[in-house]
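I'll jot down what I look up as I go.

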Amino acid sequence: MILVTGASGFVGRHVVRDLAADGTRVRAMVRTARGAAMLEGVECELVRGDVTDPASLRAAARGMRTIVHLVAIVEGSPATFERVMAAGTGNLVEAARESGVRRIVLMSALGAGPGATVPFFRAKWAAEQAVASSGVDHAVLRPSFVFGTDGGALPRFLRIARLAPVTPVIGPGTQRVQPIWIDDLARAVRLAVDAEGSGPPVELGGPEAVTWSELWRRIKLALGTRRPVLHVPFWLARGPAALFERMPPALLTRDQLRMLEGPDNVVTDGGASLRRLGLGDLVGLDEQLRHAAASQPR
Ligand SMILES: NC(=O)c1ccc[n+]([C@@H]2O[C@H](COP(=O)([O-])OP(=O)(O)OC[C@H]3O[C@@H](n4cnc5c(N)ncnc54)[C@H](OP(=O)(O)O)[C@@H]3O)[C@@H](O)[C@H]2O)c1
């Protein structure tokens, strides 16, 4: 049986559904009744747990063969990132070891690394280290942006492109991203669950890496809208981001601005680790955007 943490989230809902559809028995960890409701109709056992509560993790991990760890946050103070993502993963690793769990699949993110300074990426790196030093067989997945119709950043991008009189592109729009479709990511998780031993992090991106300017152009093309672009310099976006941070869920945070200013969010190994995992054909960017545009209200 497999424990999936962060099961109520965008990726979690797809991963639980995908594993269950494949005949795998899944225990889905959620925090609240609202989280549980997100999995209504999906064949899985529900367990309540919070990564900051080690006792709840011990109960959740009991009897599990594998854990897929998806919990993360996108906003909060540096201390909150540390508590939930870094220490939280440490708590989970402890619980896994106590319960004799044989494999851990950790969802990290492109950008995690020893030199990371943004709290999110620093916490992801700490989580990777906790899993790597656990003594338990493991796989670490590092996706770029994950696109889908029912969560992640894309629905928000589509709304902005559809409704805003101008399309705000933050910074020069020259940094690149490599969105991967949610079904492909769920497939990657399944392959990582079934793999054996431990290896270096698997970098996951879709078939195309594009600049932010190009991404917004393609989004508007998929929607059939023709709004002008307005480039917002990073320095000018900082003030509004500081304001948004006080109204969670924030439209934009200063940490996210730093991520946008940072290096490209694309795979650095030419797709080698992704192919090694056995992930074959991937949904192309235009197809991703067409799917998502079709799910928008007319
Ligand atoms: N979406 C992307 O584009 C993307 C890109 C790269 C990497 N990733 C990674 O993929 C994973 C899943 O992302 P997502 O997009 O599905 O995020 P999400 O929708 O925000 O889901 C996050 C999940 O974590 C849970 N969670 C938060 N704090 C928790 C805590 N203290 N204890 C237990 N559970 C807690 C949330 O539960 P509640 O529902 O109760 O809040 C939710 O189920 C994350 O590790 C993320 O960093 C995502």
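Before anything else, my element names: helices (H or I, at least four residues) and strands (E, at least two) are DSSP runs, numbered from the N terminus. This is a predicted model, so local features need pLDDT of at least 70 and side-chain atom pairs count only at pLDDT 80 or more, while totals for chains, interfaces and linings use all residues. Residues are numbered from 1 along each chain as its sequence is written, and side-chain values use heavy atoms, with hydrogens and water left out.

**Entry 1: a loop arginine**

I looked up Arg65 and found it in the loop between helix 3 (54–61) and strand 4 (66–69). For burial I use relative accessible area: under 20% is buried, over 50% exposed, and in between partly exposed (1.4 Å probe, protein chains only). Arg65 comes out partly exposed, at 40%. I also checked Arg65 against Arg290: 225 residues separate them in sequence, and their C-alpha atoms are 38 Å apart in space.

**Entry 2: the whole protein**

I counted 12 helices and 13 strands in the protein. The radius of gyration is 19 Å, close to the 19 Å from the globule rule for 298 residues, so the protein is as compact as a globular protein of that length. (That radius is taken over C-alpha atoms, and the rule is 2.2 Å times the number of residues to the power 0.38.) The C-alpha trace spans about 55 × 40 × 35 Å along its principal axes. Of the 298 residues, 49% are buried.

**Entry 3: the ligand**

Which residues come nearest to the ligand? Ser8, Val11, Arg31, Lys124 and Val146 do, out of 22 around it; a residue is near if one of its heavy atoms lies within 4 Å. By class I get 13 nonpolar, six polar and three charged residues in the shell. My classes: Ala, Val, Leu, Ile, Met, Phe, Trp, Tyr, Cys and Pro are nonpolar, Asp, Glu, Lys and Arg are charged, and the others, Gly among them, are polar. Helix 1 (10–21) and helix 5 (119–132) each give the shell at least two residues.

Then I went for N and O atoms within 3.5 Å of each other, my cut-off for a polar contact. Val11 has a backbone N or O atom 2.7 Å from a ligand oxygen. Lys124 puts a side-chain N or O atom 2.7 Å from an oxygen atom of the ligand. Asp50 has a polar side-chain atom 3.0 Å from a ligand nitrogen. The ligand taken alone exposes 910 Å², and the protein buries 80% of that; these areas are Shrake-Rupley with a 1.4 Å probe.

**Entry 4: aromatic rings**

I searched the whole structure and got six aromatic pairs. Rings of Phe, Tyr and Trp (its six-membered ring) pair if their centres lie within 6.5 Å; planes under 30 degrees apart are stacked, over 60 edge-to-face, the rest tilted.

Phe81 and Phe120 are edge-to-face, 6.3 Å centre to centre with 85° between the planes. Phe81 sits in helix 4 (residues 78–98) and Phe120 in helix 5, so the pair ties together parts 39 residues apart in sequence. Phe81 is buried at 1%, and Phe120 is buried too, at 11%.

Phe145 and Trp212 are also edge-to-face: 5.3 Å between centres, 85° between planes. Phe145 is in the loop between strand 6 (137–143) and strand 7 (146–147), and Trp212 is in helix 8 (residues 212–223), 67 residues apart. I noted Phe145 as partly exposed at 28%, but Trp212 as buried at 9%. Ring pairs join Phe145, Phe147, Phe157, Trp212 and Trp216 in a cluster.

Definitions and conventions
A polar contact is a pair of N or O atoms within 3.5 Å; within protein, one must be able to donate a hydrogen and the other to accept it, and residues adjacent in sequence count only if both atoms are side-chain atoms.
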